[in-house]
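Subject: Handover of a protein structure

Dear colleague,

Please find below the structure that I am passing on to you.

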Amino acid sequence: MQITDDLQKLLDILPLEIRQVLDQHPSRDNLIEVVMDLGRRPEARFPESAEYLSDSGVSQEQLSYCIQRVGHFGGDNRAGIAQTLHRISAIRNRTGEIIGLTCRVGRAVYGTIHMIRDLVETGQSILMLGRPGVGKTTALREIARVLADELNKRVVIIDTSNEIAGDGDIPHPAIGRARRMQVARPELQHQVMIEAVENHMPEVIVIDEIGTELEASAARTIAERGVQLVGTAHGNQIENLIKNPTLSDLVGGIQAVTLGDEEARRRRTQKTVLERKAPPTFEIAVEMLQRQRWVVHDSVADTVDTLLRGRQPLPQVRTVDESGKVTILRESQTQPRGLGQDSREEENSLSLSPRLSPTLNSSGWRAAGQMLPLTPVREREQISGEQEFERLLDESLEQPARFSDMGLKAGPNGEDLPLHIYPYGVSRHQLEHVIQVLNLPVILTKEIDSADAILALRSHVKNHSKLRQVARVRHVPIHMIKASTIPQITRALRRLLDMDEPGTTDERELSLFTQSGSEDELDALEEARLAVEQIVIPKGQPVELLPRSAKVRKMQHELVEHYRLKSDSFGDEPNRRLRIYPA
């Protein structure tokens, strides 16, 4: 990686006593920024620490010394140094006088986008996300140079704060042959974006910090004209944009939709749901978690749809090690996304230039701003075919390790485990739930040819002679259940695996019958379990349970059915309750 920083030009604007300390500092080349606030000691910030540069506070004369040696401060209180990438940001008091400066080192880092070079070459629009300081603008600058110099495209940069191409009228060499349009005032950025398309015939528009609704609308207008967009927005993950009404249009916008009764039943959801309103402005989103760890959503539309359906997406995780080797991983669907997740991943390695030798460090003064894992969203039944395939692929890759400790080598008829089951008329969502909770060595397949058995509803099999004929020709046994309920599915899977029915129900199996896993649901199920195991079965006496809501009573009925007992609901709301009868 080649780094150009023109650091001496930034040091030259600092007062002599501060400049002398930095000139002799051993970590001078790793300097991130210098902070000068009136009456407080000047501070230098490095990747892993922050140090004071003087024992005395900053004076107004020292601030004035710096201000006179930089360019004009614009409406966003930012200035620069001609033909450099350094940024000087001002803090003003209530009367408009400058009382603080943040002098940030700007570096042109060549080779930073090798992790996503293949995505840049596709011609699709790319949105870079990440916390401040993670390197979004640096990556944007390098993307502009690669597109202009190496891919020979007409690139125009909308440089609102002169941060991408540097201060002054002559742009910094780091952007290569790309052209730069400056913006007079930050609030006019959206107008300059449209002007660039109308006047200069670009193939690519590069925008830093899309932050207003007008800019998001202008970005959509540009994308609809067939121009490739590369931009950045503040937000750790794509979920932040979905929840942000100002910027949600970048990922397609969100709207409430009322479903019909039949569709709502099919989806097993409420009638009013959130759906994506339009195609995303950016087809690809890159979450810059750390400088050497990026999460790539290669289809923003699929990611947003998956999130709105209550499932976790399956993004790529791209990392680069010290040898310059990029590793592409596929996150597990069932794990929450975030740093440090032990998720099941599909590996694919790509060797890159040996010049890449970044170091990974998550400590230091920026550590407090790092992302935390998201709370996992409850899984729903609906999922796109492509993502379903990838999920099953991940599970199939994981099966040997997942079931190695169960001591099961073959099924009841000699089949190799895991057992492949073709469900017919049985809720796939409930099947997956039972398999996951009980950790059963079972894989659901969509092809009868690859199935070891068929699990079907009895009513469906009676009316489907073709299924019986296909199963007979392929010698695939059909196992039937009366209803698609958790108890019957559980018993059927145990019969298929030749597993004994447990004498009692543990806490893990109780979770099969819950919907949200709330304390109220678990308490109600525990009450029913104790009544069955301590009174109904051993003493042969009926038991009445405490009054519960209709939803919770339904769970209790299913649990009682699990014990092959009968139960009734009686009484009037809100005192309606369950009565369990002995066999």
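At roughly what angle do the axes of helix α6 (residues 189–200) and helix α7 (residues 213–224) cross? They cross at roughly 10° and come within 8 Å. Because angles under 35 degrees count as roughly parallel, α6 and α7 are therefore roughly parallel to each other. The crossing in which α6 passes α7 is left-handed. On the α6 side, the contact is made by Gln189, His190, Met193, Ile194 and Val197; on the α7 side, by Leu214, Glu215, Ala218, Ala219, Thr221 and Ile222.

Before the remaining findings, a word on the model as a whole. Please bear in mind that this is a predicted model. The protein has a mean pLDDT of 80, and 81% of its residues reach 70 or more. Two stretches call for caution. Over residues 333–383, pLDDT stays under 50, and the model has 142 contacts beyond four places in sequence for this stretch. Over residues 395–410, pLDDT also stays under 50, with 24 such contacts in the model. Where pLDDT is low, the predicted coordinates should not be read in detail.

As for the overall make-up, the secondary structure comes to 18 helices and 27 strands. The protein has 583 residues, of which 49% count as buried. Of the contacts with a separation of 6 or more, 62% are between residues 24 or more positions apart.

A second pair of helices may be set beside the one above. The axes of helix α12 (residues 428–438) and helix α15 (residues 486–496) come within 10 Å and cross at roughly 60°. That angle makes α12 oblique to α15. Their crossing is right-handed. From α12, the residues Gln430, Leu431, His433, Val434, Ile435 and Leu438 take part; they meet Ile486, Ile489, Thr490, Leu493 and Arg494 of α15.

Most residues other than glycine have a negative phi, and most peptide bonds are trans. Asn152 is not a glycine, yet its phi is positive, near 55°. Asn152 sits in the loop between α5 and β10 (155–159) and is exposed, with a relative accessible area of 56%. Glu209 likewise has a positive phi, of about 60°, although it is not a glycine. The loop between β12 and α7 is where Glu209 is found, and at 28% relative accessibility Glu209 counts as partly exposed. The peptide bond from Glu573 to Pro574 is cis, with omega near 5°. Pro574 belongs to the loop between β26 (566–570) and β27 (577–581).

Arg131 lies in the loop between β9 (126–130) and α5 (136–150) and is buried, with a relative accessible area of 12%. The C-alpha atoms of Arg131 and Gln290 are separated by 9.1 Å, while the two residues are 159 residues apart along the chain. Val273 is in strand β15 (residues 272–276) and is buried, its relative accessible area being 12%. Between the C-alpha atoms of Val273 and Ala256, 17 residues apart along the chain, the separation is 5.6 Å. Beyond its neighbours within four places in sequence, Val273 is in contact with Gln255, Ala256, Val257, Leu259 and Arg267.

Yours sincerely

Technical notes: Residues are numbered from 1 along each chain as its sequence is written. This is a predicted model: local features need pLDDT of at least 70, side-chain atom pairs count only at pLDDT 80 or more; totals for chains, interfaces and linings use all residues. Side-chain values use heavy atoms; hydrogens and water are left out. pLDDT is the predictor's confidence in each residue, from 0 to 100. Contact means heavy atoms within 4.5 Å. Axes are lines fitted to C-alpha atoms, for helices over the stretch in contact, and angles run from 0 to 180 degrees between N-to-C directions. Helices (H or I, at least four residues) and strands (E, at least two) are DSSP runs, numbered from the N terminus. Angles under 35 degrees count as roughly parallel, over 145 as roughly antiparallel, 65 to 115 as roughly perpendicular and the rest as oblique. A crossing is left-handed if the near helix is turned anticlockwise from the far one by less than a right angle, and right-handed if clockwise. Buried means under 20% relative accessible area, exposed over 50%, partly exposed in between (1.4 Å probe, protein chains only).
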